[in-house]
Every structure is written in C-alpha cells, then in structure tokens.
Amino acid sequence: MKTTHPLLYLLLALTLSACGGSDNDEGGSNPSSSLASSSSEDNNSSSSESSMQSSSTLSSSSSSNASSDDLPDAERLSCDQANQVQGFAALGDGTTGGAGGGEVTVSTGAELASALDNKGSQPLIIYVDGTITSENSPDDKFSIKDMNDVSIIGVGSNALFDGIGIKIWRANNIIVRNLTMRYVSIGDKDHISLEGPASHVWIDHNTFYNDLNTNKDFYDELVSGKKNVDNVTISYNILRDSWKTSLWGSSDSDSAHRRVTFHGNHWLNANSRLPLFRFGEGHIFNNHYEGVISTGINSRMGATIKIDGNLFEDSKNPIGSWFSDEIGYWDLGENQFVNVEWVAATDGDVTAGPDPESTVSYEPPYDYTLVPLETVADHVAVNAGAGVIADCL
C-alpha cells in the first residue's frame, strides 16, 4: 500500500542529518527502418524494435543539472533512510549482503577477484577503493557465483569500474552500492547482470553510463536480469547515455516470474529499455525519466507493472508494450508528463499515450511512501548516483 505524506516527509528530512541479452527496441525515427539485434536469444523482434529510434537526443531539463548545494535540505535522504532497502528486495528476510561478516578493501581487479574466490561461507563486505580495469583484472568480468551474503561497496567517490562489469549468478543476498561503472564492452557487456537462480539483490546509489556515439550493439545493458531472478530492488542510480539500458527477461520464452522494484533512479539520455520487462511483477516509482529517445517502460509478455509517482520529461513513448507476441500491462498511479511525444503503435503493439490509462489493477505486496510528485526531479537530483551517500556507508 502506498502513502504520500508531503508534510511528514519534509519534517522527517529536516530533523535528520543529511548524507552526503539483447532485445531490440533500439529504434529509428522512420518506422520502416530496422537494425539487427545483438542477441541470439531475441532475434524475433529486432527489426520492429529498431523502428522507433530518434535521430537525435532530446533536450534535457535544467532540473537535472542542479548541484546538490542548490537544492533544499528537505529533499535529502538521511543515512537511516538511505541505508534502508525498499521494495521487493525487502521481502522475506530482506537483503543484508555481507553485514555481520568479514571486511576487506581492494584497489585492483586482481584483489577483488581474490576476495570473491576466497570468501568462504561467512558474509563478506568488499570495499572498493580504486579503479578496476580489464588490465588489472584476471578475467573479463567479476562473477558473484555460487555464493551468498556479499556486499560490494565503493569507498567515497573512488570506486570506478572502467570497462569491466559484474555478473551475479546462482547467488542470493547480494548488495552493490556506491560504484561508478562505465564503457563495459567485454564479458557479458553489461555493467551488472543477474542470471537466476538469484534472489534478494539490492543495486543502490550507483552511476552507470555508456556512450551513444557508438553502434547500438557495441555495449549491452547497464543493469539486466534473466531467468529466475526474484526480489530485486534497483534504487537511486543514475543510468545514462545508453542504447540498451535495463532488460529483464532475455527473450519472449524467458518466462520466470521476476519481481523487481525500481525507485529513485535518474534515467537520462537513454534510447530504450527503461526497463524492458517480460513476465512477472514490476514496481516503478519516484523515478525521473529525462531524454528518453525511443521507448521508455516496455511491459511485455503479460508482465504487470505498477507505475507511480514518476516524472517523464523531454521524452518519447514513456510507457507502452512493443515488439512481443503478447502485450504486457500497467497500473498507473499519478505520474507527470512534460514535453512528451507519443508515437502511435502498430501491429498489435500498444502505446499508452497520449491519454495514459491503466490496463490492469495491481498493488505491490509491500508498503511504500511516495515523495510528492512536484519534488521528484529535485529529490532524485540530490539523492541518485555514486558518491552521494559516501558518509553513510
């Protein structure tokens, strides 16, 4: 059940101390154009999804460019708030990562790989204080595989994964926070990829980006999940400059019942998959979408998504169901649409606008509190991304 308490939210924040597989909606503005997909798992729809690409990035709002010092303290999360996982990852026993176990600090990829290899059965927190590259790493990705109870946490603003990513696979109770990750073109080509069985994963306060001045298949997703992945929360991240941004379900036959929450994220200058979600249940609240180039939230193959308290700005096709044999569904709370373009869908697809309405009734199985809709841009600007909560970790 959601609650919205603007006055309570402001009072609380003022009294607490501040802390610091490829799919195919890559698009083209000409509906008859098509681009090949890089995913062998989802080639069935590559040409149709390629039809909605904008020829240029849409203009961005000045609200995203404001520094945290320009915005009211009332919009900042306290450390208690920032360190509290919300959404699906909080269900059951919650997501605690390596809390209560050993701690190690690493500064190279070799040291990180060694820490994972030697984890043992006890919980482990790995602090990253340095730049991790393919050159100082022993493999083309870091595998959190066949293990539980791990946290990977950046130190201050010092943790950079430059060109190499993380795969979470056959693992449970995993936390990834306060990292900057960019330009991953090796391994799975995702910044963070989840492959089931995996559950209780919290990806929080990170900055992810690629480069739109590349072929759309040069990189893959920023954050993605496939197979039986469950109880995941993606919160307060910046996800920007990406062709393929966040894919959940690698193909129309990947029918696992995933449950993922996305909240407080800044999706900026991204082409598509914000997220692309097949099957299962999603919850998307209090995100700022800015400069969506082709398609935003894409609910497919019977997925059910609650979309509540989000700002969509300077964007094309914020919500819809495109490029699958079966459509997906959405329950719309109160969202704001500013300078949004809706392109009529064809061939059985559904574009939610220009007058968006719910197509299903759905409430996620947990309580959550929305920040006031008029404060979403400022709230996300001061709280999302790496380095913001360095003093809280």
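Predicted model: local features only at pLDDT ≥ 70, side-chain atom pairs only at ≥ 80, totals over all residues.
**Cores.** I started with the nonpolar cores. The largest one has 55 residues, and Phe161, Ile166, Ile168 and Trp248 make the most contacts inside it. There is also a second, separate core of 8 residues, with Leu311, Leu373, Val376 and Val380 among them. No surprise in general: nonpolar side chains in soluble globular proteins tend to be buried together.

**Sheet.** Next I traced the strand order of the open sheet. I read off 9 strands, β4-β6-β8-β10-β13-β16-β19-β22-β25, with parallel pairing. The edges are β4 (131–133) and β25 (336–341), each of which pairs on one side only. On average, neighbouring strands here are turned by 15° against each other, direction ignored.

I then looked at the β25 end. β22 (residues 311–316) pairs with β25 in the parallel sense, over 5 bridges. Leu311 has Gln336 in β25 as its bridge partner. Leu311 is a residue I had already noted in the second core.

**Helix α5.** What does α5 touch on the sheet? I found it packing against β16 (266–272), β19 (288–292) and β22, and its direction makes about 90° with that of β19.

How many of the 8 residues of α5 (residues 376–383) are buried? I get 6, so the helix is largely enclosed by the rest of the structure. The buried ones are Val376, Ala377, His379, Val380, Val382 and Asn383. Val376 and Val380 are also in the second core.

Conventions:
Residues numbered from 1 in each chain as written. Heavy atoms only, no water. Core = buried A, V, L, I, M, F, W, Y, C linked by side-chain atoms within 4.5 Å. Buried < 20%, exposed > 50% of the residue type's maximum accessible area, 1.4 Å probe, protein only. Helix = DSSP H or I, 4+ residues; strand = E, 2+ residues; numbered from the N terminus. Pairing = 2+ DSSP bridges. Axes fitted to C-alpha atoms, helices over the stretch in contact; angles between N-to-C directions. Contact = heavy atoms within 4.5 Å.
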